[in-house]
Amino acid sequence: MKIFVTGVTGQLGYDCAKELRLRGHEVVGSGGRAMDAEAGYVQLDITDAQAVEHTVAALKPDAIVHCAAWTNVDGAEAPENRERCYAINAKGTENLARAAKAADAKMIYVSTDYVFDGKGERPWQPDDRCYAPLNWYGQSKLDGELAVARTLEKYFIVRIAWVFGLNGNNFIKTMLRVGKTHDAVRVVNDQIGTPTYTADLARLLADMIVTEAYGYYHATNEGGYLSWYDFCCEIYRQYGLKTEVRPVSTEEYGLSVAARPRNSRLDKSKLAAAGFAPLPDWRDAVRRYLEEAQL
């Protein structure tokens, strides 16, 4: 297959392009900066509808894996950034969906737990209706989902959470950096979800794109639900850091600009029902990540 991957300079896009090439697909990528032409790269601003239309028409891909996004959740709340965030996550996604339709290409749109309101304790189902995201980032991603669903028939919308990968910044890198320079760290213990290792997710998306099992999915690593506090404790345990981890409530932490969902539990059972292999346990993902990243 010929597959166009957006956001290849980010954590997930980088791993997706790598995995798809390993499987013998012809991959063309776009991202935030110029890359080696030999890597199969095109410059593209997804907020430019005409440029998206012309690029996809010229490439004639069989599928698009859309990983590009505005991911600075707190930054999106700033009035000067709202328009840009929405242009990328909602309008840019709509531009790609329209181009995919014109090219008769499949499309995977990578979305987020932030499309939900974060209330309750019941795990969110892939086909739950989304109402009132808590922040502007969540609203922009939800509107991107809606644009894909109303434009295409051949689409996968895959929601993920708590992402970490080799090619970029993430919670693990941040907590190790802080843990090496402080005797104690404070970590929120009342936001519950599950991490997602991009290398594992990339393998799932590569499995998915060659099928016609279209629809909404949730995809995080297995191993049960946990808090950010639990996540940090396991990271330090595996790394061998003795830094004290102090659990605090969201209110006590008080450093986030954007509201965060307390309930980010995503039910992933639909993956197995559709014939896809679940992602490995998140603890094993942390182990493999630390070995590969050599932090």
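## Helices H5 and H7

H5 and H7 sit roughly perpendicular to each other (that label covers angles of 65 to 115 degrees, with under 35 counting as roughly parallel, over 145 as roughly antiparallel and the rest as oblique), because their axes cross at roughly 65° and come within 10 Å. H5 covers residues 171–179 and H7 covers residues 228–239. Helices here are DSSP runs of H or I with at least four residues, numbered from the N terminus. Axes are lines fitted to C-alpha atoms over the stretch in contact, with angles from 0 to 180 degrees between N-to-C directions.

Who touches whom? On H5, Phe171, Ile172, Met175, Leu176 and Gly179 meet Trp228, Phe231, Cys232, Ile235, Tyr236 and Tyr239 of H7 (contact means heavy atoms within 4.5 Å). Ten of these contact residues are nonpolar, one is polar and none is charged.

## About the model

This is a predicted model, where local features need pLDDT of at least 70 and side-chain atom pairs need 80 or more, while totals for chains, interfaces and linings use all residues. Residues are numbered from 1 along each chain as its sequence is written, and side-chain values use heavy atoms, leaving out hydrogens and water.

## Helix H3 and its neighbour

H3 runs through residues 79–103. There's a kink of about 35° in H3, centred on Ala87 (the angle between axes fitted to the seven residues ending there and the seven starting there). Just after H3, Asp104 takes a positive phi of about 55°.

H2 (residues 49–59) packs against H3 at about 30°, with the axes 9 Å apart. H2 and H3 are therefore roughly parallel to each other.

Terms used
Helices (H or I, at least four residues) and strands (E, at least two) are DSSP runs, numbered from the N terminus. Ala, Val, Leu, Ile, Met, Phe, Trp, Tyr, Cys and Pro count as nonpolar, Asp, Glu, Lys and Arg as charged, and the others, Gly among them, as polar. The expected span of a helix is 1.5 Å times one less than its number of residues.
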